[in-house]
Amino acid sequence: MSRRLPEQHPSRRKVLAGGLAGLGAMGLAGGLSGCGSPLAAGVAGTPLNPDSVTFWNLFGGGDGARLQTMLEEYRKQQGSPDSLTAATFAWGNPYYTKVVLATLGNKPPDVAVAHATRATILAQAGLLEPITEDLLGLAGLSSSSFTKSVWEAGKVGSSYYTIPLDTHPYVLFFNKQVCQQAGLLDGNGKLAPIQGKDAFEAALTAIAGVTGGAAWSASNVGDTSGSWRLFQTLYWQMDGATDFLGDDGQELTVNEELALATMAYIGDLAKRGLLTPTVDYAGAGTQLYTGKVGFQTQGEWEITTAQSVEGFEFGMVPIPQIFDVPAAQGDSHTFILPKMDRTDAQKELAMGFVKSLLDQSLTWAQGGHVPALTATLESAEYKALEPQADYAAAAEIAKYDPPGWYSGSGSTFENTVGSQIGLVQQQLATPQQALDAIKVQLRTYLETPSPVAGTTANA
């Protein structure tokens, strides 16, 4: 969920300068967080509490509140509030900068959260412990404990570096009252299947007949990640789509013909009044909740917001297959173990903490995310969870961001590409103008070697 403005193109010198500035900020934070924390230890050299797990994450909003419940459960299990020191940081690049610098300073947290798409670069930099079967076994887990596609997303080279918690795909929310009036619901109040471009546009037209305005809201103002998610979803539904980036971000490999067709479709629907031309993140949700549209596409984590709207009846499904194949942009929250010297006891402590949170996957799923732990995903309790279970299949068609040192959730890549796609939706740029601008703005990154290239031989 990034509403960050596009960033300026950095040189490697600026990247280093920014990192040093971040280190300064970390020192201040450590001073405020007390002795025994990894932040304070990194700055002042104070010892860490060997019996306490240190945990860093980037969860705010509904996710953050739900995580706190899960962390308290871990503390109860351990019988001590001092068994865990958890810190939450700002989402996106600032968080990952802190993880990198703390690990380079040999004072990382025992366990941290990372998006699967951002963990790759950390692994390539040699900053993560490999997740082996032996390590998983310390918590009674194995690679087969997780859905295969999500587990495989953590593979870099010949090793695995992440323990997946979930998949969070881009999905379709629908207003039941509006869709009922538009004749789009079945006898059980579910959205009747929609497949194909003609059927999808017919559904939008029927909704517009109810609302008297737009049918579908997709945020594109101050939400570059949102625009990217919309593009990535529709683009990968077309036969012939290829990764936007290749060679770990050193080549532009996008199918330009399909990219132009995708943007043209977004712009055309907006021009016809079926898709909102301009709406910000909060506004897109409000339009759905107030019946001004019938559909909203968004990350499934917004289920918490939708549920908090009194009297609002809604459902959620995978985004319909509009073109050739089903697809939806997605990513996964994972646990990573930043590299440091660990005793066997520290490994067991860290893995015990991870197992505790995984065992609470149903609690996490109530916030919208699709569990990665198969025992939870296949449980009767999860299958009875509505509307979560109604869109769980979206995890199977999730298309992750292309690998690259500047790509992944909340990244410079998403900001750069998403900002141009947003302009097409706003009718402020043609698809060709947007693609030309993307190519110019990405050139600096395409031509800049990865800052971690060659730092590890195993990745």
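**Entry 1: a helix pair**

I began with helix α10 (residues 224–235) and helix α18 (residues 412–425), which pack with their axes 7 Å apart at an angle of about 75°. This is a predicted model, and I read the geometry with that in mind. Since angles of 65 to 115 degrees count as roughly perpendicular, I noted that α10 and α18 are therefore roughly perpendicular to each other.

I then listed the residues that meet: α10 brings Thr-224, Ser-225, Ser-227, Trp-228, Leu-230 and Phe-231, while the α18 side includes Phe-413, Glu-414, Val-417 and Ile-421.

**Entry 2**

Next I traced an open sheet of five strands, whose order is β2-β1-β3-β14-β6 and whose pairing is mixed. I found β2 and β6 (163–164) at the edges, where each has a single partner strand, so one side of each is left without a neighbour in the sheet. For β6, I looked up the pairing with strand β14 (residues 333–336), which is antiparallel and rests on two bridges; there Ile-163 stands opposite Phe-335 of β14.

I also looked at what packs on the sheet. Helix α3 touches β1, β2 and β14, and its direction makes about 170° with that of β2. Helix α4 (residues 93–104) touches β1, β3 and β14, its direction making about 145° with that of β1.

**Entry 3: strand β1**

I turned to β1 and asked myself which strands it pairs with, and in what sense. Five bridges join β1 to strand β2 (residues 84–88), and the two run parallel; within this pairing I found Thr-85 of β2 as the bridge partner of Thr-54. With strand β3 (residues 111–115), β1 pairs over two bridges, also in the parallel sense, and here Trp-56 stands opposite Ala-112. I recorded as well that β1, helix α3 (residues 61–78) and β2 together make a right-handed β-α-β unit.

Notes:
Residues numbered from 1 in each chain as written. Predicted model: local features only at pLDDT ≥ 70, side-chain atom pairs only at ≥ 80, totals over all residues. Heavy atoms only, no water. Pairing = 2+ DSSP bridges. Helix = DSSP H or I, 4+ residues; strand = E, 2+ residues; numbered from the N terminus. Right-handed = clockwise from strand over helix to strand, strands pointing away. Axes fitted to C-alpha atoms, helices over the stretch in contact; angles between N-to-C directions. Parallel < 35°, antiparallel > 145°, perpendicular 65-115°, else oblique. Contact = heavy atoms within 4.5 Å.
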